[in-house]
Amino acid sequence: MKLLHQFLPIFVVFCFLSVASGQEVDSVDKPITKIGVVNGMASYLPKPVYPKLPIDMCASGQVRIRVLIGKNGRVKEAEAISGNRFLRNSAVKAARRARFNRTVDAPPIEHLGIVIYNFPPSKGCLK
């Protein structure tokens, strides 16, 4: 038991330093730039499928998707951050298929941006 108490502080410090240095390396290796709305930067921006249920419910409006664009221009992560909940899944699926141009004179880095999809009201729902 005394042996455990002798080495426990050393083990804890070692673990703390390992975790701290790992976090430091990650933040240096993976810089992420926030760039706002990225619809205009897309080389391919697929249209989302307008699901039948939301059409029947007269769901419409704007859906915003937060995307993490990888160094190669492909979407690594996509998450709906606003908009009608019945339209979000369709918009996220479309955003995941999007492709973006890389800035030629800048080093390849990841970008965090927003893709905006507009779902117009269906013809039977216009007031």
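By class, how many nonpolar, polar and charged residues does the lining of the largest cavity have? Hold that thought while I show you around. Keep in mind that this is a predicted model.

Let's start with strand S3, residues 61-69. S3 pairs with strand S6, residues 110-119, in the antiparallel sense, over 9 bridges. On that side, Ile69 sits opposite His111 in S6. S3 also pairs with strand S4, residues 75-82, again antiparallel, this time over 6 bridges. There, Ile65 is across from Ala80 in S4. S3 and S4 make a hairpin with 5 residues between them, and Gly73 in the turn has a positive phi of about 90°.

As a general point, nonpolar side chains in soluble globular proteins tend to be buried together. Here, the largest nonpolar core has 19 residues, and Ile65, Val67, Ala78, Phe100, Val115 and Tyr117 are the ones with the most contacts inside it. S3, S4, S6 and helix H3, residues 85-96, each give two or more residues to this core. H3 gives the most, with 5. Have a look at Val67 too: among the residues it touches are Val38, Ala78, Ala95, Leu112 and Val115.

Okay, back to the cavity. Searching the whole structure turns up 1 cavity of 30 Å³ or more, and the largest cavity holds about 40 Å³ of space. Its lining includes Ile69 and His111, along with Gly73, Phe100 and Arg102. And the answer to my opening question: the lining has 3 nonpolar, 4 polar and 2 charged residues.

Methods
Residues numbered from 1 in each chain as written. Predicted model: local features only at pLDDT ≥ 70, side-chain atom pairs only at ≥ 80, totals over all residues. Heavy atoms only, no water. Pairing = 2+ DSSP bridges. Helix = DSSP H or I, 4+ residues; strand = E, 2+ residues; numbered from the N terminus. Core = buried A, V, L, I, M, F, W, Y, C linked by side-chain atoms within 4.5 Å. Buried < 20%, exposed > 50% of the residue type's maximum accessible area, 1.4 Å probe, protein only. Contact = heavy atoms within 4.5 Å. 1 Å grid on protein atoms, 1.4 Å probe; cavity = no way out; pocket = protein on both sides within 12 Å on 5 of 7 lines; lining within 4 Å. Points joined across faces, edges and corners; volume = space filled by probe spheres on them. Nonpolar A, V, L, I, M, F, W, Y, C, P; charged D, E, K, R; others polar. Lists of a residue's contacts leave out its neighbours within four places in sequence.
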